[in-house]
Amino acid sequence: MEVVCPIDEKRAPEISALLRPPPPREIQDYFDRLLASRECCRLKVKQDGEHGKEASAVCLSTIEILLDYCFPGVYADVEFKEGELLLRDQMLFGCQHPLNKIDCLVCSFCFRFIGTLELQIGRRLFFQDLGLSSSHGCDTGACSDVSNDHGASDSSDGDDIMDERSCDDSRGCASGSKRAKVPLPKEIVESLMNGEIVLPYSDKFSAPPVVPCAGGCQEAYYCSKACADADWNSFHSLLCTGEKSEAFSAKALLQFMQHANETNDIFILAAKAIAYTILRYRKSKANFLTSCKEDAARVMDKFHMPLLLEAWKPISVGHKRRWWECIALPEDVDPSDEAGFRMEIKELAFKSLQLLKAAIFDKECEPLFSLDIYGHIIGMFELNNLDLVVASPVEDYFLYIDDLPSPEKEEAKKVSQPYLDALGDEYAVSCEGTAFFPLQSCMNHSCHPNAKAFKREKDRDGQATIVALKPIPKGEEVTISYIDEDLPVEGRQVLLADYGFTCKCSKCQQES
């Protein structure tokens with residue numbers, strides 16, 4: 001049975017306006033301002049890239065729009081050396097995987113680890129004793145054998161089309177052998193969490209204090225009031241489940257969050273995008289009416305849509321396709337069942353949208369709650385996501401203890417070793433999630449890239465970090481790989497085609 005969303009037909013003209021890309025000059029101005037806000041950024045965004053994303057058609061009921069414009073590319077504005085930092089890009093939207101929240105207490109806005117080292121370890125052990133730990137073992141953290149390549153995989157399986165991992169050959173697990181966990185008494189774990197126990201040298205791994213959500217929810221915590229305020233003003237005021245939440249229905253919001261956690265947390269990213277646009281619209285409307293001396297109702301009737309389009313602009317420039325159309329067919333789905341699979345995905349998105357609409361619906365922003373808009377938002381994340389990875393200070397601590405000279409090492413281990421034994425091989429779990437980065441998402445694909453996403457030792461928050469794989473001369477396009485470079489050219493092209501991308505680099509053209 002075909003899924004029908006009444007808003008799609010009712011607000012078709014407004015939806016088509018939202019999905020139509022802004023004029024090239026507006027896109028260029030947006031990226032120029034974005035680049036200027038990035039510290040020491042020496043890149044340029046141009047709309048004449050030769051790699052990556054193809055134009056596509058968007059159908060809205062009986063309306064068809066051709067997205068016929070050149071997608072942006074990122075270019076070096078100076079010469080870069082191999083290994084040099086190209087970009088640290090602040091995410092536009094990001095979320096930590098729900099199960100990962102059990103193991104890692106991080107700022108809900110910048111994703112830095114927060115709280116004392118003792119609190120981090122104590123929480124891990126507390127949830128571990130309850131059987132709630134999400135750890136998979138040492139190789140899922142920031143260990144030396146973690147891949148740094150981009151993987152093109154279905155984010156509905158918990159993976160994203162691109163991946164940013166921390167890797168340093170000098171780092172590794174404190175022990176190469178498999179260790180059985182040795183539980184600690186409950187009283188010890190509680191003392192660790194409440195600060196009664198202080199581990200030796202833990203002061204060298206201090207993190208910002210834990211700042212609770214101003215709305216009173218128990219889901220979001222921050223490293224500072226600045227991050228708490230930024231999150232509240234950007235999206236969290238509408239997505240908070242606490243007493244001071246501005247959501248239309250807290251009950252529906254809880255149902256939406258539960259549904260997302262049980263099915264696909266990419267819905268939480270989509271909710272953030274819609275909440276972000278609503279809040280930007282409300283702020284622009286308030287400022288506009290303050291400066292306007294005419295009749296408010298008459299003025300808003302004329303300027304309502306321009307204000308909504310301006311609020312939507314950071315999302316409008318992202319490469320999009322409907323989620324149920326662009327998602328790669330899982331290996332366990334027979335090609336003959338593809339139509340049914342894609343309908344199930346569409347129905348899943350519609351269920352999520354209904355819950356979100358019940359939670360935060362705004363009549364003036366009604367087009368945002370169309371299934372076509374929701375599908376394109378999720379599709380944008382599907383096509384442009386980068387894994388969010390932040391290394392844990394817990395690993396750093398135990399490695400530090402291992403590297404101490406004698407007899408300091410032996411003395412420290414008398415205290416620290418029982419906690420390492422209790423954590424077992426899962427002691428090094430990183431913060432993991434998914435995020436959309438506005439500048440990094442403009443970096444086109446090449447099967448022979450000159451850059452990669454790579455977290456260095458000092459990169460301790462959720463920003464995307466892009467470094468040069470080889471010398472890059474001024475004026476050359478900066479490219480990254482969306483897929484496993486070990487795949488044969490035929491496999492690469494097929495996989496890219498599944499996501500609507502092509503590789504036009506000279507080597508791939510020759511191999512084809």
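Start by selecting Phe-111: with a relative accessible area of 3%, Phe-111 is buried (under 20% is buried, over 50% exposed, and partly exposed lies in between, using a 1.4 Å probe and protein chains only). You'll find Phe-111 in the loop between helix H4 (100-103) and H5; helices (H or I, at least four residues) and strands (E, at least two) are DSSP runs, numbered from the N terminus. Check the backbone too: phi of Phe-111 is positive, about 70°, although this residue is not a glycine. Most residues other than glycine have a negative phi, and most peptide bonds are trans.

A word on what you're looking at: this is a predicted model, where local features need pLDDT of at least 70, side-chain atom pairs count only at pLDDT 80 or more, and totals for chains, interfaces and linings use all residues. Residues are numbered from 1 along each chain as its sequence is written, and side-chain values use heavy atoms, with hydrogens and water left out.

Next, go to Tyr-201, in the loop between H6 and E8. Tyr-201 also has a positive phi of about 70° without being a glycine, but Tyr-201 is partly exposed, at 27% relative accessible area.

Now pick Gly-215, in the loop between strand E8 (211-212) and strand E9 (221-222). Gly-215 is buried, at 2% relative accessible area.

Pro-407 sits in the loop between helix H14 (393-403) and helix H15 (408-423).

Switch to a surface view and select Phe-126, Leu-130 and Leu-132, a nonpolar patch with about 260 Å² of accessible area together. Patch residues have over 30% relative accessible area and no salt bridge, with nonpolar side chains (Val, Leu, Ile, Met, Phe, Trp, Tyr) joined within 5 Å and like charges within 9 Å. Areas come from the Shrake-Rupley method with a 1.4 Å probe; for residues, only the protein chains shown count as cover. A salt bridge is a side-chain nitrogen of Lys or Arg within 4 Å of a carboxyl oxygen of Asp or Glu. Leu-132 is partly exposed, at 41%.

Finally, zoom out: the protein chain has 17 helices and 15 strands, and 56% of its 512 residues are buried.
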